[in-house]
Amino acid sequence: MRALAAVTLAVLTAVPLSAQLNPRPAAKTEMRVYDLGLTDPGVAADVVRGLLSPDGRVYPDPAQHRLVVSDRPDVHARVAEALRTLNVAPRNIRIEVSARMERTERQRQLEASGTVRGGPVRVGVGRRPPARTGVVIGGQDSRSRTTVDARQQLLVLSGGRASLTVAEEVPYSEWLYTWGLGHGLWAQNVVWQQVGTSMVVEPRVLGNGTILVRLTPRFDYRAAGSSQTVDVNELSTEVIVRPGEEISLGGVPFRDADFRDRFLAGFDESGQTASVEMTLRANVE
């Protein structure tokens with residue numbers, strides 16, 4: 001005990017009395033505002049959160065397209081550098097979309113032939129025809145596939161948004177209406193008319209030259225005599241692609257496969273239900 005007391009006394013003696021009486025205050029936090037330009041506020045906030053101290057806070061302000069950050073000055077220096085990296089000069093992105101509407105038909109055909117001279121009638125089907133007299137029934141099962149191709153092109157500013165048509169009229173309107181009602185997209189008294197679907201595309205060039213593409217399903221319809229649009233934000237998804245790389249929208253994980261399969265569908269020229277296969281390619285100009 002005497003040895004421990006001696007060590008403690010030696011340490012206290014080594015520290016200046018002024019430091020013992022007036023410990024060095026912790027660095028004060030400062031609140032600063034960062035304008036984001038064309039940088040997505042959500043993406044910027046996620047990056048900044050990883051740089052903050054335990055006492056730091058970030059407050060996104062999407063309406064003003066800025067971030068409000070509270071933290072120490074040294075942390076602010078890191079935040080400013082990170083946001084400069086994210087801030088890419090405005091560039092145009094050309095979006096090319098190929099859409100293929102495909103319908104598969106199955107046809108069955110039955111044929112019957114034979115003679116009856118007298119007595120009981122014997123019927124043979126398939127590989128067991130009657131021996132001499134009777135009726136032979138033959139069948140044929142065939143499938144045919146019909147496809148219709150279409151292309152769309154859009155020129156979008158990095159950080160902007162555009163809309164791509166999926167189907168001008170949906171075949172699964174009742175199912176989609178019920179789904180949207182359960183997810184709070186519209187009130188029960190809304191009556192759909194002329195319901196179509198589209199995809200909101202928001203591309204943004206990243207610092208390493210790749211392209212972040214945010215995809216959001218959208219319903220376009222008329223109700224009470226006016227045009228309405230509703231974005232399904234809960235199913236928004238983001239993919240990162242290289243310039244010129246082609247991605248299939250049917251392979252994008254919307255977290256709800258049943259919704260995706262019914263959303264990516266329409267009517268072909270004959271009025272039959274057909275699936276819509278869409279691919280997207282983005283290039284920076």
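This is a predicted model: local features need pLDDT of at least 70, side-chain atom pairs count only at pLDDT 80 or more; totals for chains, interfaces and linings use all residues.
Residues are numbered from 1 along each chain as its sequence is written. Local features need pLDDT of at least 70, and side-chain atom pairs count only at pLDDT 80 or more, while totals for chains, interfaces and linings use all residues; side-chain values use heavy atoms, with hydrogens and water left out.

**Salt bridges**

Side chains of opposite charge can pair when their charged atoms come close. A salt bridge is a side-chain nitrogen of Lys or Arg within 4 Å of a carboxyl oxygen of Asp or Glu. By this rule the count is 16.

Arg 281 is partly exposed at 25%. Glu 246 is partly exposed too, at 43%. Shared partners join Arg 161, Glu 202, Arg 214, Arg 218, Asp 231 and Glu 238 into one network of salt bridges.

**Two buried residues**

Asp 71 is buried yet has no salt bridge. Arg 72, the nearest side chain of opposite charge, is 4.6 Å away. The side chain of Asp 71 does make a polar contact with the side chain of Ser 53, at 2.6 Å (a pair of N or O atoms within 3.5 Å; within protein, one must be able to donate a hydrogen and the other to accept it, and residues adjacent in sequence count only if both atoms are side-chain atoms).

Tyr 34 is buried at 12%. Its side chain makes a polar contact with the side chain of His 76, at 2.7 Å.

Conventions. Buried means under 20% relative accessible area, exposed over 50%, partly exposed in between (1.4 Å probe, protein chains only). Lys and Arg count as positive and Asp and Glu as negative; His and the chain ends are not counted.
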